[in-house]
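Please read the following report alongside the sequence and the three-dimensional view shown here.

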Amino acid sequence: MEKLARVGITLPVKLLNRFDDEITAYANRSDAIRHLMRDYLVERQWEGNETVVGTITLVYDHHQTEQHGSLTDFQHRAGEMILSTLHIHLNRDLCLETIVIRGQASKVLQLSEQLIASRGVVHGRLSATTLGDWAA
Ligand code: NI
């Protein structure tokens with residue numbers, strides 16, 4: 001079983017009360033703090049240019065992207081960084097694609113910016129997460 005540590009911290013009462021009001025989705029305060037600590041550490045991993053994973057979600061007009069070819073080009077050039085893609089035909093014109101990507105944070109960010117800025121992309125988002133080796 002996972003080794004746990006118990007810590008005591010000192011906080012302003014108003015801050016703690018406000019925090020407790022906002023974390024009702026969590027089972028308890030410890031769960032909420034664990035979640036926020038991991039979230040902070042993931043941010044630090046991305047800022048520190050470590051190896052990370054993420055998903056890029058794109059909605060695009062396939063007539064336009066086929067014409068310009070940049071979506072496919074960027075993905076082919078990314079090679080092994082792309083772990084998987086899921087493609088859904090939303091309607092006659094629009095497609096939704098999610099791309100799971102793993103690599104050095106700066107390279108993942110660069111690829112996601114290139115894809116999101118491509119001609120024909122209506123909307124795009126990167127969801128940044130972690131390989132989570134430290135997160136048990
Ligand atoms: Ni499609």
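Val 7, Ile 9, Leu 11 and Leu 15 together make a nonpolar surface patch of about 420 Å². A patch of this kind is built from residues with over 30% relative accessible area and no salt bridge, nonpolar side chains (Val, Leu, Ile, Met, Phe, Trp, Tyr) being joined within 5 Å and like charges within 9 Å. The areas come from the Shrake-Rupley method with a 1.4 Å probe, and for residues only the protein chains shown count as cover. Val 7 lies in the segment before α1 (13-22), and it counts as exposed because its relative accessibility is 70%. Here, exposed means over 50% relative accessible area, buried means under 20%, and partly exposed covers the range in between (1.4 Å probe, protein chains only).

The model is a predicted one, in which local features need pLDDT of at least 70 and side-chain atom pairs count only at pLDDT 80 or more, while totals for chains, interfaces and linings use all residues. Residues are numbered from 1 along each chain as its sequence is written, and side-chain values use heavy atoms, with hydrogens and water left out.

The domain assignment of the protein chain, which is automatic or taken from a database, gives domain 1 (13-47) and domain 2 (51-129). The C-alpha centres of domain 1 and domain 2 are 31 Å apart. A separation between individual residues can also be given: the C-alpha atoms of Arg 34 and Thr 57, which are 23 residues apart along the chain, are separated by 27 Å. Arg 34 is found in helix α2, and it is partly exposed, at 35% relative accessibility.

His 89 counts as exposed at 64% relative accessibility, whereas Cys 95 is buried, with a relative accessible area of 4%.

The strands around this site are β2 (residues 82-89) and β3 (residues 94-104), which run antiparallel and are joined by 7 bridges; two strands pair if DSSP finds at least two bridges between them. β2 and β3 form a hairpin with 4 residues between them, and His 89 stands opposite Cys 95 in β3. Helices (H or I, at least four residues) and strands (E, at least two) are DSSP runs, numbered from the N terminus.

Side chains of opposite charge can pair when their charged atoms come close. A search of the whole structure finds 4 salt bridges, each defined as a side-chain nitrogen of Lys or Arg within 4 Å of a carboxyl oxygen of Asp or Glu. Among them are the following.

| Salt bridge | N to O distance |
|---|---|
| Glu 22 and Arg 18 | 2.9 Å |
| Arg 29 and Asp 20 | 2.7 Å |
| Glu 47 and Arg 44 | 3.4 Å |

Glu 22 and Arg 18 both lie in helix α1, 4 residues apart, about one turn of the helix, and both are exposed. Glu 47 and Arg 44 both lie in helix α2 (residues 29-47), 3 residues apart, again about one turn of the helix. Glu 47 counts as exposed at 56% relative accessibility, while Arg 44 counts as partly exposed at 45%. Arg 29 is partly exposed, with a relative accessible area of 39%, and Asp 20 is partly exposed, with a relative accessible area of 25%.
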